[in-house]
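These are my notebook entries on a structure that I looked up piece by piece. I record what I asked and what I found.

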Amino acid sequence: MKAERGVPGSAAGPGARGYLLALGGTAFWASTGVLIRYLSTRYALPPLVLAFWRDLLAAATLAVGVYVLRQRRAPWAAVGPHILFLLAYGFVLAAFNALWTTSVALNGAAVATVLAYSAPAFTALLGWGLLGEALGLRKIAAVVLSVLGCIAVSGAYNPAVWRVAPLALGVGLLSGVGFSAYTLMGKTSSKRGLEAWGVTFWGFAFGSVFLLLFQVVAGRVGHLFWLGSSLSGWAVLAFLAIGPTVGGYGLYTASLRYLPASVANLITTIEPPLTVIFAALWLGERLTGIQLVGGALILAAVLMVRSGREG
């Protein structure tokens with residue numbers, strides 16, 4: 001697969017293109033929370049079953065899309081030298097999905113969200129140590145603002161929601177590490193010259209295999225067809241996979257071609273306030289003043305790194 005290339009000298013430089021791709025991917029992701037919430041409450045769909053079908057349907061969609069749009073060149077062509085890397089990439093995606101859904105179950109949505117969005121801090125540190133990305137005061141301040149914003153948006157400022165077991169907190173922090181690892185591997189894939197959409201296909205393809213193995217080990221293979229003959233449930237699940245999931249992960253991975261991993265990861269913290277807005281529009285939930293302030297802090301963090309020249 002060939003690396004994606006920018007257009008030198010275009011009106012929107014590589015940096016601006018990267019921000020637009022990351023913002024677009026995050027906007028797609030923001031709608032996934034509402035859809036997952038609907039599937040979980042309406043059909044009581046087990047989290048790992050949902051994650052498996054989401055990954056499998058996303059991989060199938062990408063296989064067809066890449067094959068058609070790339071003039072019948074399959075996404076699995078010419079990847080022999082990178083197969084072990086792509087296998088690890090899929091495992092990281094599956095582990096992140098498993099950790100995230102488990103964290104929500106153990107910690108509740110508010111704490112799980114804040115712990116998952118510890119990822120920008122991990123990515124900034126690991127990107128600095130492993131990839132040589134810049135780590136200055138502006139970026140550190142932006143990470144702090146984004147975490148404070150996530151706390152406000154998710155409602156985790158209430159001490160009562162933090163009354164969870166140490167193991168549950170550990171799982172939540174590991175979900176943040178998992179998202180950071182996924183981001184860093186996405187950045188590494190661009191340096192290897194791998195195409196973003198093809199890499200995303202492999203991530204979901206191998207991710208679905210690992211999630212299937214999780215079900216086998218847990219003895220819950222029979223749960224895979226939990227939705228049974230519910231056409232509406234399968235339709236929502238398919239829409240979740242084909243639209244927000246493919247669009248979100250694909251655009252985000254493409255943004256890593258142009259942005260440092262830490263900056264791209266920081267932009268994703270816009271997801272919680274966008275999810276709150278979508279929930280208000282689609283589910284009738286109300287925005288609070290604290291949530292609006294939290295959203296403003298996250299936006300300020302993104303603008304801070306956008307206006308700076310670090311990393």
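I begin with a term: two residues are in contact when heavy atoms of theirs lie within 4.5 Å.

**Entry 1: the ground rules**

I note that this is a predicted model, in which local features need pLDDT of at least 70 and side-chain atom pairs count only at pLDDT 80 or more, while totals for chains, interfaces and linings use all residues. Residues are numbered from 1 along each chain as its sequence is written, and side-chain values use heavy atoms, with hydrogens and water left out.

**Entry 2: the whole chain**

How many helices and strands does the protein chain hold? I found 12 helices and 0 strands. Helices (H or I, at least four residues) and strands (E, at least two) are DSSP runs, numbered from the N terminus. I then looked up burial, where buried means under 20% relative accessible area, exposed over 50% and partly exposed in between, with a 1.4 Å probe and protein chains only. Of the 311 residues in the protein chain, 50% count as buried. Among contacts between residues at least 6 apart in sequence, 87% join residues at least 24 apart.

I looked up Ser103, which is found in helix 3 (residues 83–107). Is Ser103 buried or exposed? Ser103 has a relative accessible area of 0%, so this residue is buried. Neighbours within four places in sequence aside, Ser103 is in contact with Gly108, Ala112, Val171 and Gly172. Val104 also lies in helix 3. With a relative accessible area of 30%, Val104 is partly exposed. From Val104 to Val171 I count 67 residues in sequence, and their C-alpha atoms are 9.6 Å apart in space.

**Entry 3: helix 2 against two other helices**

For packing, axes are lines fitted to C-alpha atoms, for helices over the stretch in contact, and angles run from 0 to 180 degrees between N-to-C directions. Helix 2 (residues 47–69) packs with helix 9 (residues 231–255) at an angle of about 65 degrees, and their axes are 8 Å apart. The crossing of helix 2 and helix 9 is right-handed. A crossing has this hand if the near helix is turned clockwise from the far one by less than a right angle, and is left-handed if anticlockwise. On the helix 2 side the meeting residues include Leu50, Trp53 and Arg54, and on the helix 9 side they include Trp234, Leu237 and Tyr249. This contact divides into 13 nonpolar, 2 polar and 1 charged residues. Here Ala, Val, Leu, Ile, Met, Phe, Trp, Tyr, Cys and Pro count as nonpolar, Asp, Glu, Lys and Arg as charged, and the others, Gly among them, as polar.

Next I looked up helix 2 with helix 3, whose axes come within 9 Å and cross at roughly 150 degrees. The crossing of helix 2 and helix 3 is right-handed. Pro47, Leu48, Ala51 and Asp55 of helix 2 make the contact with Leu93, Asn97, Ala98 and Thr101 of helix 3. By class, these are 5 nonpolar, 2 polar and 1 charged residues.

**Entry 4: helix 6**

The 18 residues of helix 6 should span 26 Å, and the end C-alpha atoms are 26 Å apart, which agrees. The buried residues of helix 6 include Lys139, Ala142, Val143 and Ser146. Just after helix 6, Gly155 takes a positive phi of about 85 degrees.

Gly193 follows helix 7 and has a positive phi, near 80 degrees. Ser189, in helix 7, is buried at a relative accessible area of 2%. Leaving aside neighbours within four places in sequence, Ser189 is in contact with Phe85, Leu194 and Val199.

How many aromatic pairs does the structure hold? I found 16. Rings of Phe, Tyr and Trp (its six-membered ring) pair if their centres lie within 6.5 Å; planes under 30 degrees apart count as stacked, over 60 as edge-to-face and the rest as tilted. The rings of Trp29 and Phe179 have centres 5.9 Å apart and planes at 80 degrees, so this pair is edge-to-face. Trp29 lies in helix 1 (residues 14–42) and Phe179 in helix 7, so the pair ties together parts 150 residues apart in sequence. Trp29 counts as buried at 5% relative accessibility, and Phe179 counts as buried at 5%.

Notes:
The expected span of a helix is 1.5 Å times one less than its number of residues.
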